[in-house]
Amino acid sequence: MRRAGPVLLVALGLPACSDGSAPGGAPELGSVVGRVAGETVTLAEVDTRAHGVVTRLLGRIEAAQQATRARLAAERLAAREAAGEPVPEAWRDAGRIALPEEEVDAALRESGLTADDPTARTLVRALLHHERLRVARRRVAADLAERGLVAVSGAEIEQAARLVLFQQRGRIVAEARRRFEVIADEILLRREAARRGSDPAALLALVEAGAAPVAEEEVRRFAAQRGAPDAVPEGVRALLEMRARLRAREDLLATLRARTPPVFLLASPEPPRFPMDVQRAADAAGVALLVVFSNWRCQRCEDTERVLDALVAGPLGASVRLVRRPFSLAPDPAFFADAVAWRCVVEQGREVAFHAGLRELLGGRGRSRRLDAPVERVSDSDALAGVRLGRTLVPDTRGYDACLASAATHGRVLGERDEGERIGFARVPAFLVNGLPLVGFQGRERLEAVLRSEAAAH
Amino acid sequence: MRFRRFGLLALGISLALLGSHCGPHKPPRLNPLRLYAMGDSITTGFDSWFVGNNSAVSWVNGFHGFWESLLGIPDVNSVNQRITARFGSSGRTNVRAAQNGARWDAALSQAASVVGETPHLVTVMLGGNDVCRDSIADLPTAAEIQGHVRTTLDWLDAQLPAGATVQVIGIPDVKRLHDVARDEKGLLGIDCEAIWSTVDLGFPCGSMLDPANSEQDRLAVQAMNLLYNDVIQQEVVLKNAASTRVYFKFSDAESVQFTGDDVSSIDCFHPSAQGQELIAFYAWTDGPFGP
């Protein structure tokens with residue numbers, strides 16, 4: 001995976017330098033990425049140190065671009081097929097999915113579902129068929145796009161993969177910043193040492209030697225304060241001495257940085273947005289739209305629910321419209337069954353009771369826990385817990401059962417999953433705040449800060 | 001700025017170089033058909049994909065078959081898979097002795113079962129939980145780590161079949177994990193600080209992740225992290241020079257430069273499936289059987 005040459009050049013062809021050091025074109029090796037006490041730090045210097053990480057991140061960008069190209073090509077071919085236009089034979093072949101009953105049985109067994117339960121069988125068959133079809137068609141579409149038989153432009157890929165690309169490019173800039181900060185410290189130390197007629201190593205040794213000695217009382221107090229009365233005094237002393245030397249060194253660097261602050265010039269890329277259809281209604285009502293892609297079983301999903309409970313009950317509650325997308329990228333039958341049941345109870349207006357009931361039934365599996373605590377697994381018997389719960393809540397059970405078995409319902413749930421994938425969500429929970437995506441667990445303070453920032457911007 | 005280590009390692013390397021020229025002759029190295037993995041929650045794949053242990057995405061024991069493919073579980077191309085790809089599936093075993101929460105002081109008990117398993121390749125990746133204690137005051141001394149490593153390697157040397165290999169993976173730079181995970185929030189990513197704020201409720205690695213820690217605390221823990229790696233490396237290098245039966249190899253994990261998506265989105269602490277893939281790549285390419 002090692003690339004020859006400066007990888008930051010490739011990476012930084014994407015986010016631009018903010019000081020105009022590479023105006024209107026690709027940066028050059030001599031481009032300035034930062035300034036320290038009148039000295040410049042070039043792209044080449046940072047590149048040398050960040051080469052391995054940036055190479056890997058570039059590899060991930062390329063992988064994301066390839067996957068997006070396959071997805072877009074598949075969507076294009078599916079649209080052509082739906083419009084009755086001619087499509088390649090390979091595409092039609094990929095659509096002929098044979099799903100042997102033994103595979104459905106195996107999936108039922110693995111999910112802890114009863115093979116003779118017709119609802120379970122219907123749901124698992126629908127899920128497996130969708131996954132098989134998706135994988136087979138993506139593979140064919142990737143090949144057709146590679147051979148130029150389906151046109152997908154770079155601009156389309158850039159647009160469609162913008163969340164993933166934003167994050168990977170942001171990581172590249174963050175890596176460049178980390179390396180720049182190390183270089184900046186080296187420059188500051190070198191200059192300070194020269195000013196004192198010394199060299200950096202001797203200067204650091206002198207500073208560290210000046211660190212205050214660690215007294216016995218300090219060792220005892222530290223162990224007691226940190227809740228470690230049984231800690232080995234010898235170890236605590238070594239740690240405190242090390243910390244004192246580090247503090248002396250950091251104090252010196254902080255002084256030098258304050259005297260001549262290093263300036264990092266690479267700009268982070270702009271965050272993408274994903275406006276949804278429901279956004280207009282929220283805008284008209286003067287509230288922020290918070291779309292939550294989550295489910296009832298993932299780790300951190302119950303934590304998320306508690307954050308949302310507090311947020312809705314708090315001062316911002318009245319200015320937020322919450323929209324749920326029961327979601328999991330993992331094609332797990334239990335997640336799928338919950339999401340289908342959710343859609344079917346929504347049709348009969350029982351979503352609030354269902355949501356609360358399923359949280360209760362699953363016993364808060366998504367809560368944080370100690371590392372050494374036994375992990376609660378969804379037991380074999382409750383993969384259909386949501387389906388059964390829904391049946392107890394709806395007034396029209398026949399309509400509910402018909403909804404559970406309906407290909408249209410399955411398609412809608414799977415479509416919402418695909419919608420999350422199109423945004424670039426690869427994990428749950430995930431959020432859109434007025435179209436601004438947030439990936440992974442978010443604390444209440446963070447969500448409220450984003451909501452306030454959105455309110456101020458509008 | 002990272003704390004610099006001192007001359008301990010240089011001594012070990014010098015002795016090893018001496019040993020490599022003058023050391024005893026060893027029997028031919030066995031192909032690694034029988035794999036035995038010692039370690040902690042990194043090796044069990046804890047929280048790497050689903051919550052809890054994820055054997056399929058473990059960097060060393062991982063596998064990828066029909067069900068993993070069906071469920072979209074990532075293929076990390078583990079050491080186990082690479083062994084099968086290179087040496088075939090005949091005679092293969094894939095044993096996990098790793099336990100969540102294990103520290104170096106548990107290494108000897110994890111090594112006990114090698115007597116029955118007769119492995120050809122033993123991987124050891126321990127030390128993350130020595131760096132990651134509830135409080136920085138609980139960190140063991142380098143001498144304590146050194147003692148556990150020495151005892152464990154002596155036992156393995158005596159019990160493994162002649163020609164077996166022991167590959168010891170160093171401790172990843174836990175502070176880097178902290179830094180890159182913290183930066184994810186600025187990239188519309190996970191709010192790790194909110195997760196770490198549950199340290200008081202018992203989340204692991206308070207020594208590094210507790211928000212009450214100062215940057216000096218974290219730098220001090222990082223310095224201990226690097227120091228542990230120095231003594232582990234020294235012991236492995238010396239043991240390899242001294243052993244007449246077994247090959248011992250140290251692989252540096254500090255140079256595994258994790259990025260934000262290599263960290264678990266479940267707990268912001270363990271490697272994600274991508275992080276596991278990265279460790280597998282480094283371990284295999286640095287090991288005696290790859291690339």
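1. Secondary structure of chain A. Chain A carries 18 helices and seven strands. The model is predicted, and the values below are computed from it. Of the 458 residues in chain A, 39% are buried. Among contacts in chain A with a separation of 6 or more, 76% join residues 24 or more positions apart.

2. The three-stranded sheet. In chain A, three strands make an open sheet. Their order is 2-1-3, and the pairing is antiparallel. Strand 2 (39–42) and strand 3 (263–264) of chain A are the edge strands, each pairing on one side only. Strand 1 (residues 32–36) of chain A meets strand 2 of chain A over four bridges, in the antiparallel sense. One residue pair to check is Val36(A), whose bridge partner in strand 2 is Glu39(A).

3. The loop between strand 1 and strand 2. Ala37(A) is found in this loop of chain A. Ala37(A) is not a glycine, although its phi is positive, about 50°.

4. The four-stranded sheet. A second open sheet in chain A has four strands in the order 5-4-6-7. Here the pairing is mixed. Strand 5 (320–326) and strand 7 of chain A are the edge strands, each with pairing on one side only. From one strand to the next, the twist averages 20°. Strand 4 (residues 288–294) of chain A pairs with strand 6 of chain A over four bridges, in the antiparallel sense. Within strand 6, Ala430(A) is the bridge partner of Phe293(A).

5. Val428(A) and Pro429(A) are joined by a cis peptide bond, with omega about -5°. Pro429(A) sits in the loop between helix 17 (407–423) and strand 6 (430–433) of chain A. This bond deserves a look in the viewer.

6. Helix 13. Helix 13 (residues 333–347) of chain A has 15 residues. From first C-alpha to last, helix 13 reaches 21 Å, close to the 21 Å expected at 1.5 Å a residue. Of its 15 residues, 13 are buried, so helix 13 of chain A is largely enclosed by the rest of the structure. Just after helix 13, Gly349(A) takes a positive phi of about 70°.

7. Ala310(A) lies in helix 12 (residues 301–313) of chain A. Ala310(A) is partly exposed, with 13 other C-beta atoms within 10 Å.

8. The interface. On the chain A side, 52 residues are in contact with 43 residues of chain B. The elements of chain A that give two or more residues are helix 2, helix 4 (101–110), helix 7, helix 9 (216–225), helix 10 (233–259) and strand 7 (436–439). Helix 10 of chain A gives the most, with 12 residues. By type, the chain A side divides into 26 nonpolar, 10 polar and 16 charged residues.

9. The nonpolar core. The largest nonpolar core has 200 residues. Ala73(A) and Val122(B) have the most contacts inside it. Beyond its neighbours within four places in sequence, Val122(B) is in contact with Tyr36(B), Met38(B), Val114(B), Leu156(B), Leu160(B), Ala164(B) and Val166(B).

10. A positive phi in chain B. Asp47(B) lies in the loop between helix 2 (41–44) and helix 3 (66–70) of chain B. Its phi is positive, about 60°, although Asp47(B) is not a glycine. Is Asp47(B) buried or exposed? Asp47(B) counts as buried, because it has 25 C-beta neighbours inside 10 Å.

How values were computed:
Residues are numbered from 1 along each chain as its sequence is written. Chains are lettered from A and ligands numbered from 1 in the order in which they are written. This is a predicted model: local features need pLDDT of at least 70, side-chain atom pairs count only at pLDDT 80 or more; totals for chains, interfaces and linings use all residues. A nonpolar core is a set of buried Ala, Val, Leu, Ile, Met, Phe, Trp, Tyr and Cys residues joined through C-beta atoms within 7 Å. A residue is buried if 20 or more other C-beta atoms lie within 10 Å of its own, exposed if 12 or fewer, and partly exposed in between; C-beta atoms are placed from the backbone. Two residues are in contact if their C-beta atoms, placed from the backbone, lie within 7 Å. Two strands pair if DSSP finds at least two bridges between them. Ala, Val, Leu, Ile, Met, Phe, Trp, Tyr, Cys and Pro count as nonpolar, Asp, Glu, Lys and Arg as charged, and the others, Gly among them, as polar. The expected span of a helix is 1.5 Å times one less than its number of residues. Axes are lines fitted to C-alpha atoms, for helices over the stretch in contact, and angles run from 0 to 180 degrees between N-to-C directions.
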